[in-house]
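Reader: I am new to reading protein models, and I would like to go through this one step by step. Could you show it to me, so that I can ask about its parts?

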Amino acid sequence: MKCPFCQSPNTKVVDSRSGKIEFEVRRRRECPDCSERFTTYERIERTPVVIIKKDSRREEYDREKVVRGIQKACEKRAIGLDRIDQIVDGIERELREIPQREVSSSVVGEKIIHALKQVDDVAYVRFASVYREFADVTDFIQELKSMLPHDFSHSDPKTTPKENS
Ligand SMILES: [Zn+2]
């Protein structure tokens, strides 16, 4: 690991401990050349999960899609990105515990709904209502994007949605 401050290749680990997230190790490193310290995180590479869509097509699980969908549902709510990351970590942990490597997209969708229910009522209702209509975790996230400003915006009517329909 190169020093991010002086690019020296001689950094050493001064402390190592489990991170906040399961399966994560946090390492405190020090550069003997410039004495700067920095932190690195080591994580287990995620086992890819294959998602079976409603029409039986398969696609690889995409964390970013899930994060974006949840972010959209949590728009203007007091839910930070860290919290969203935690929610997705929890969902992924559950997905890894399923013995089959392939899961139906509806399983993922229901897990997201279940997780949001514990976190925020508005985000939960937004997500659940759009999701149930489409019943496909990948398609509905696309739809969520265009639907939200029209159907769920409780904000000032003067702020017009940017998206075109
Ligand atoms: Zn350095």
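Reader: Is Ser 35 buried or exposed?
Author: A residue is called buried if 20 or more other C-beta atoms lie within 10 Å of its own, exposed if 12 or fewer, and partly exposed in between, the C-beta atoms being placed from the backbone. Because Ser 35 has 10 C-beta neighbours inside 10 Å, Ser 35 counts as exposed.

Reader: What should I know about the origin of the model and about the numbering before going on?
Author: This is a predicted model, in which local features need pLDDT of at least 70 and side-chain atom pairs count only at pLDDT 80 or more, while totals for chains, interfaces and linings use all residues. Residues are numbered along each chain as its sequence is written, starting from 1.

Reader: Where is Ser 35, and what is its phi?
Author: Ser 35 sits in the loop between E2 and E3, where strands (E, at least two residues) and helices (H or I, at least four) are DSSP runs numbered from the N terminus. Most residues other than glycine have a negative phi. Ser 35 is not a glycine, and yet its phi is positive, at about 65°.

Reader: Which other loop residue has a positive phi near 75°?
Author: The loop between E4 and E5 holds Ser 56, which is exposed because 7 other C-beta atoms lie within 10 Å. The residue with a positive phi near 75°, although not a glycine, is Ser 56.

Reader: How many bridges join E2 to E3?
Author: Two strands are said to pair if DSSP finds at least two bridges between them. Strand E2 (residues 24-30) and E3 run antiparallel, and Arg 28 stands opposite Thr 39 in E3. The number of bridges joining E2 to E3 is seven.

Reader: Which strands are at the edges of the antiparallel sheet?
Author: The sheet is open and has three strands in the order E1-E2-E3, with antiparallel pairing. Each edge strand pairs on one side only, and these strands are E1 (12-18) and E3.

Reader: How many residues of strand E3 are buried?
Author: Strand E3 covers residues 37-43 and has seven residues. The strand lies largely in the open, because the number of its residues that are buried is zero.

Reader: In E2, what is the bridge partner of Ser 16?
Author: E1 and E2 pair in the antiparallel sense, and six bridges join them. In E2, the partner of Ser 16 is Arg 27.

Reader: What is the order of the strands in the sheet with mixed pairing?
Author: Strand E4 (residues 50-52) and E6 pair in the parallel sense over three bridges, and in E6 the bridge partner of Ile 51 is Val 103. The sheet is open, its pairing is mixed, and the order of its three strands is E5-E4-E6.

Reader: Which residues does Ala 123 contact, leaving aside its neighbours within four places in sequence?
Author: Ala 123 is in helix H4 (residues 121-134) and counts as buried because it has 25 C-beta neighbours inside 10 Å. Two residues are in contact if their C-beta atoms, placed from the backbone, lie within 7 Å. Ala 123 and Cys 74 are 49 residues apart along the chain, while their C-alpha atoms are separated by 5.0 Å. The contacts of Ala 123 are Ala 73, Cys 74, Arg 77, Ile 79 and Leu 116.

Reader: Over which residues is the pLDDT below 50?
Author: The pLDDT is the predictor's confidence in each residue, from 0 to 100, and its mean over the protein chain is 79, with 74% of the residues at 70 or more. Where pLDDT is low, the predicted coordinates should not be read in detail. The stretch with pLDDT below 50 is residues 150-165.
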